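Here are some short notes to read beside the model. Keep the structure open and find each residue as you go.

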Amino acid sequence: MSDLPHCPACQSPYTYQDGLMLICPECAHEWSADADQNDAGDSGIKDANGNPLQDGDTVTVIKDLKVKGSSLVVKVGTKVKNIRLVDGDHDIACKIDGIGAMNLKSEFVKKV
């Protein structure tokens with residue numbers, strides 16, 4: 001059979017190749033076969049500027065963030081050291097001085 005990868009959008013196994021592009025007939029998603037090979041080892045968690053993040057990095061908050069269930073606010077420019085990447089919607093677990101342990105979304109931070 002075919003050794004083509006599953007569709008990254010819907011995970012359909014019925015992908016086919018058209019020139020340099022791979023196409024999914026179920027959701028009409030198109031992607032480059034070269035891009036699929038380059039993304040194989042990438043964790044995919046990037047900051048607001050597109051820089052890849054890793055465990056232990058230091059990041060800066062780029063937007064005021066309200067802490068749910070509290071009147072506290074994480075201010076713009078707050079430096080967060082030694083982050084840990086986790087799965088889920090809020091993909092950064094960290095400890096912020098004065099607030100404590102919390103999870104952040106990677107779209108609201110930039111790598112220092």
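1. Start with an aspartate side chain. The side chain of Asp 47 reaches the backbone nitrogen of Asn 49 at 3.0 Å. This is a predicted model. Asp 47 also reaches the backbone nitrogen of Lys 111 with its side chain, at 2.8 Å.

2. Where does Asp 47 lie? Look in the loop between helix 1 (33-38) and strand 4 (59-61). Leaving out residues up to four places away in sequence, Asp 47 touches Leu 53, Ser 106, Val 109, Lys 110 and Lys 111.

3. Now consider charge. Asp 47 is buried yet has no salt bridge. The nearest side chain of opposite charge belongs to Lys 111, and it is 7.3 Å away. A salt bridge needs the charged atoms within 4 Å.

4. Turn to Thr 15. Is Thr 15 buried or exposed? Thr 15 is buried, because its relative accessible area is 10% and buried means under 20%. Thr 15 lies in the segment before strand 1 (16-18).

5. Check the surroundings of Thr 15. A polar atom of its side chain lies 2.8 Å from the backbone oxygen of Pro 5. Beyond four places in sequence, the residues that Thr 15 touches include Cys 7, Ile 23, Cys 24 and Trp 31.

6. Last, the largest pocket. About 210 Å³ of space lies in it. Its lining includes Lys 63, His 90, Met 102 and Phe 108. Strand 5 (65-66) and strand 10 (100-104) each supply at least two lining residues. Strand 10 gives the largest share, three residues.

Key
Residues are numbered from 1 along each chain as its sequence is written. This is a predicted model: local features need pLDDT of at least 70, side-chain atom pairs count only at pLDDT 80 or more; totals for chains, interfaces and linings use all residues. Side-chain values use heavy atoms; hydrogens and water are left out. Helices (H or I, at least four residues) and strands (E, at least two) are DSSP runs, numbered from the N terminus. Buried means under 20% relative accessible area, exposed over 50%, partly exposed in between (1.4 Å probe, protein chains only). Lys and Arg count as positive and Asp and Glu as negative; His and the chain ends are not counted. A polar contact is a pair of N or O atoms within 3.5 Å; within protein, one must be able to donate a hydrogen and the other to accept it, and residues adjacent in sequence count only if both atoms are side-chain atoms. Contact means heavy atoms within 4.5 Å. On a 1 Å grid over the protein atoms alone, a cavity is a set of points where a 1.4 Å probe fits but cannot get out, and a pocket is an open set with protein on both sides within 12 Å along at least five of seven lines; lining residues have an atom within 4 Å of a point. Grid points are joined across faces, edges and corners, and a volume is the space filled by probe spheres set on the points.
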